[in-house]
Amino acid sequence: MTTENKSIVGRALAELIDTGDVDTLASFLSEDFTHHRSDSTTSTKAQWLAAVRAALGPTAGMRVDVLHLLADGDHVVVHSRRRLPDAGPEIVVVDVLRIADGSIAEVWEVIEPARHASANGAWWDAAA
């Protein structure tokens, strides 16, 4: 099951990254799909797909490097670096996806601008 779940996520990412085809991405999502953000907001399948469509213009030409694609049971973790063209800002993204009945049922997403990484870890250094 773990290999199959990685394959589902890998195919969904490849379709979106390679073609920008949001309708094909939609076919990988369950009807009751939920997207979770680190700021505690959530969106439905329709809301998230609309946000993805809207983001495709401003992120045209974005380079996405998938660094890790890991799976355990019904969860798949994707760790990626994304850069806008022309030396635009770089972000690091961690997505945790839950697969149910062969579809992506939930995604938790954490996004951090790479240039802020050391500042965002300052609380950890202070605690040490």
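The following conversation goes through a predicted model of one protein chain.

Visitor: What is the average pLDDT of the chain?
Guide: This is a predicted model, and its chain averages a pLDDT of 89. A score of at least 70 is reached by 93% of the residues.

Visitor: Where is confidence lowest, and where is it highest?
Guide: The lowest confidence falls in helix 5 (residues 122-127), with a mean of 64. Strand 1 has the highest, at 96.

Visitor: How many helices and strands are there?
Guide: The chain has five helices and six strands. Along the sequence they follow the pattern α-α-β-β-α-β-β-β-β-α-α.

Visitor: What about the overall dimensions? Which radius of gyration does the chain have?
Guide: The chain has a radius of gyration of 15 Å. That agrees with a compact globule of 128 residues, for which a value near 14 Å would apply. Along the principal axes, the C-alpha atoms fill a box of roughly 45 × 35 × 25 Å.

Visitor: And what percentage of the residues count as buried?
Guide: Of the 128 residues, 26% count as buried. The chain exposes about 7,700 Å², and carbon and sulfur atoms supply 55% of that area.

Visitor: What share of the contacts comes from residues 24 or more positions apart?
Guide: Such residues account for 36% of the contacts with a separation of 6 or more.

Visitor: Changing topic: how many salt bridges does the count come to?
Guide: The count comes to nine salt bridges. One of them joins the side chains of E31 and K45, at 3.1 Å from N to O. E31 belongs to strand 1 (residues 29-37) and K45 to helix 3 (residues 45-56), 14 residues apart, and the pair links distant parts of the chain.

Visitor: Are those two buried or exposed?
Guide: E31 is exposed, with a relative accessible area of 70%. K45 is buried, at 13%.

Visitor: Which residue does D95 meet in a salt bridge?
Guide: The side chain of D95 meets that of R82, at 3.3 Å from N to O. Because D95 lies in strand 5 (residues 90-100) and R82 in strand 4 (residues 75-83), the pair ties together parts that are 13 residues apart in sequence.

Visitor: Why does D95 count as buried, and what of R82?
Guide: D95 counts as buried because its relative accessible area is 9%, under the 20% cut-off. R82 also counts as buried, with a relative accessibility of 16%.

Visitor: Which residues are linked in a network of salt bridges?
Guide: The network links R63, D65, R81, R83 and E90.

Visitor: Now E106. Where is its place?
Guide: E106 is in strand 6 (residues 103-113). With a relative accessible area of 15%, E106 is buried.

Visitor: What else is E106 in contact with?
Guide: Leaving aside neighbours within four places in sequence, the contacts of E106 include F33, T34, V96 and L97, as well as H36 and R98.

Visitor: Let us turn to H79. Where is that one?
Guide: H79 is in strand 4. H79 is partly exposed, with a relative accessible area of 22%. A polar contact of 2.9 Å joins its side chain to that of H68.

Visitor: Which residues does H79 touch?
Guide: Not counting residues up to four places away in sequence, H79 touches D65, V66, L67, H68, V92, V93 and V94. D65 also belongs to the salt-bridge network.

Visitor: Last one: is V22 buried or exposed?
Guide: V22 counts as buried, at 5% relative accessibility. Its place is in helix 2 (residues 22-26).

Visitor: And what does V22 touch?
Guide: Residues up to four places away aside, V22 touches L16, L49, V52, R53 and L56. The C-alpha atoms of V22 and K45 are separated by 12 Å, the two residues being 23 residues apart along the chain.

Methods
Residues numbered from 1 in each chain as written. Predicted model: local features only at pLDDT ≥ 70, side-chain atom pairs only at ≥ 80, totals over all residues. Heavy atoms only, no water. Salt bridge = Lys/Arg side-chain N within 4 Å of Asp/Glu carboxyl O. Helix = DSSP H or I, 4+ residues; strand = E, 2+ residues; numbered from the N terminus. Buried < 20%, exposed > 50% of the residue type's maximum accessible area, 1.4 Å probe, protein only. pLDDT = per-residue confidence, 0-100. Rg over C-alpha atoms; globule rule 2.2 N^0.38 Å. Contact = heavy atoms within 4.5 Å. Areas by Shrake-Rupley, 256 points an atom, 1.4 Å probe, with all protein chains shown as cover. Polar contact = N/O pair within 3.5 Å; in protein donor to acceptor, adjacent residues only side chain to side chain.
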